[in-house]
Amino acid sequence: MNLVISLLEEPLLLLFVILFLGSLLGQAKIRGLSLGTSGVLLVAMIFGHFGYEISGTVQNLGLSLFIVAVGLQAGPRFFRMMRTSGVVFGVIGLIIVLIATITTVIISYLFNLSPALSIGLMTGALTSTPGLAAALQATNDPLASVGYGIAYPFGVIAVVLFVQLLPRLLKIDLVRDLKETADPVKTEGSPEVRTIEVTNLQINKRTLKELDFKKYKSVVISRVIRGDRNIIALNDTVILTGDRLVAVGLPDDLKKFCREIGKEVTSDFTNSDHVKLKKVIVDSEEIIGKTIKELQLRRMYGVTVTRIERGGFEFNQRPKWRLERGDILSLVSSEDRLVSVEKLFTKKALTVTNVHIFSLSLILLIGILIGMVPVHIPFLGTITLGVAGGPLFAALLIGHFGRIGPIRARFFQPSNQVVRDIGLVLFLAGAGTTAGQGIVDVIQQEGMSLLVGGAFITIVPIVAGFFIARKLFKLSMVHSLGALCGGLTSTPGLGAVNQLIDSEDPSIAYAAAYHLP
């Protein structure tokens, strides 16, 4: 026993013992639920109770890395979302946090809790690790971590149960509800699909290339329906009177196209020729930076790009847009051609990660310097953004532009995940050991009031947030639940919603609501 105690006095060994045991605990699942990285926090609190402590420098390093990774990932979406109707999800996220704050103030008053413990309780109830980081920076009190650790488990379970049970209790068909409800994800740049029957005799026996689609701007023909046949739309495809063209484009361009070509008819995609639509993600180094026009997919592979999704929002395909990693292209062609083209966009085996140490270090340096600058706020005094707010501001701004001078901010998703996870566990290890030194005394003093308070801080924002999303903003059940999970930063909750419906809409709503608060 003495040997173990002496070994744990070595700071580096202590750190990795906590990370190992915490990760082991976080992977354990009960009915599909797990603690994840919060397992590190709980193990660290146990070690802290017995007098062990991780250096504050390690904690701040982890916090800075975690915050920068979050900011770089959110940057492109954050500012784009602010310019679109998708901001409604961010507003819902802010409302959820506001309601949680009001509820926390009431709970704090009723149970006479300290400010640090109350704020920690709120971040745990909302399962918000970035919130815990901000709380510790603002209060400089380890009781925030205690409150977080107590409220977190119920916060996870409550959201998962809510999103799984509510659609069943209300007996809502999620797919039908999604189709019938207004979709704020759609922007003014979002394409529509229409089927147009050719009635103009001047079009008869002309090829698609001869139709000169440049004057219709955004319109793309994905397929030609002739009788019960589906024909892949290529430049040399001959159009006959009576053919039905499946067109994708902006509403105004489609109306102009329809007036000159024929009339809109009811879509009928009965498909005996196995023409398919497939979504592929841009992930190959050889493709990033190229335009759709340069790839010549239609001429070389017989594949048509109908639309592009970027940053959670959908746009009509634009030949001169340069592709970015993570763009999602909707392709139409035969199955064998789609399989061949998909390989072009797939990341090659053994591709190395691209964490640019020079850029990462410079972003951290700029962010920490910004965090040290005093900011005077009328009636509130002078504050600083600290090692959380400063790096977050810098990362959001640089992440939006992608590259500023020598600074590269668009890391591969796996690389960004590595930086974020390492930073997070280092931060939780430090915060946990500090909080553990007083956790037993706090529980003995406050007892059941902490559990009851944390439960209320979770339940009230869940119910109120859903009501606002559903009734005030008239969102679909899927978008409401996705935004709810984003506002509560509940990844397990999002996973539960994704199991209810095969759609990307919950993830889009989650991402938009998650980043703004």
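Let's start at Thr 127, which sits just after helix 6 and takes a positive phi of about 50 degrees. Helices here are DSSP runs of H or I with at least four residues, strands are runs of E with at least two, and both are numbered from the N terminus. Before going on, keep in mind that this is a predicted model: local features need pLDDT of at least 70, side-chain atom pairs count only at pLDDT 80 or more, and totals for chains, interfaces and linings use all residues. Residues are numbered from 1 along each chain as its sequence is written, and side-chain values use heavy atoms, with hydrogens and water left out.

Now step back into helix 6 itself. Nine of its eleven residues are buried, so the helix is largely enclosed by the rest of the structure. Buried means under 20% relative accessible area, exposed means over 50%, and partly exposed is in between, using a 1.4 Å probe and protein chains only. Among the buried ones are Leu 117, Leu 121 and Met 122. Gly 120 belongs to helix 6 (residues 115–125) too, and its relative accessible area is 0%. Leaving aside neighbours within four places in sequence, Gly 120 is in contact with Ala 144, Gly 147 and Tyr 148, where contact means heavy atoms within 4.5 Å.

Next, the nonpolar interior. A nonpolar core is a set of buried Ala, Val, Leu, Ile, Met, Phe, Trp, Tyr and Cys residues joined through side-chain atoms within 4.5 Å. The largest one has 72 residues, and Ile 18, Phe 162, Phe 427 and Leu 481 touch the most other members. Helix 8 (residues 143–170) gives the most to this core, with twelve residues. If you look around Ile 18 and skip its neighbours within four places in sequence, you'll find contacts that include Val 40, Phe 47, Ile 54 and Ala 429.

Thr 57 is exposed, with a relative accessible area of 61%. His 479, in helix 19 (residues 477–487), is buried at 0% relative accessibility. The side chain of His 479 makes a polar contact with that of Ser 476 at 3.0 Å. A polar contact is a pair of N or O atoms within 3.5 Å; within protein, one must be able to donate a hydrogen and the other to accept it, and residues adjacent in sequence count only if both atoms are side-chain atoms.

Five strands form an open sheet in the order 6-5-8-3-9, with antiparallel pairing; two strands pair if DSSP finds at least two bridges between them. Strand 6 (229–232) and strand 9 (262–265) are the edges, each pairing on one side only. Strand 5 (residues 220–226) is joined to strand 6 by four bridges, and Arg 223 stands opposite Ile 232 in strand 6. Helix 10 (residues 251–261) packs on this sheet, touching strands 3, 5, 8 and 9, and its direction makes about 5 degrees with that of strand 3. Axes are lines fitted to C-alpha atoms, for helices over the stretch in contact, and angles run from 0 to 180 degrees between N-to-C directions.

Strand 5 also takes part in the one salt bridge that the structure holds. Here the side chains of Asp 243 and Arg 226 meet at 2.7 Å, N to O. Asp 243 lies in the loop between strand 7 (238–239) and strand 8, and Arg 226 in strand 5, so the pair ties together parts that are 17 residues apart in sequence. A salt bridge is a side-chain nitrogen of Lys or Arg within 4 Å of a carboxyl oxygen of Asp or Glu. Asp 243 is buried at 3% relative accessible area, whereas Arg 226 is partly exposed at 27%.
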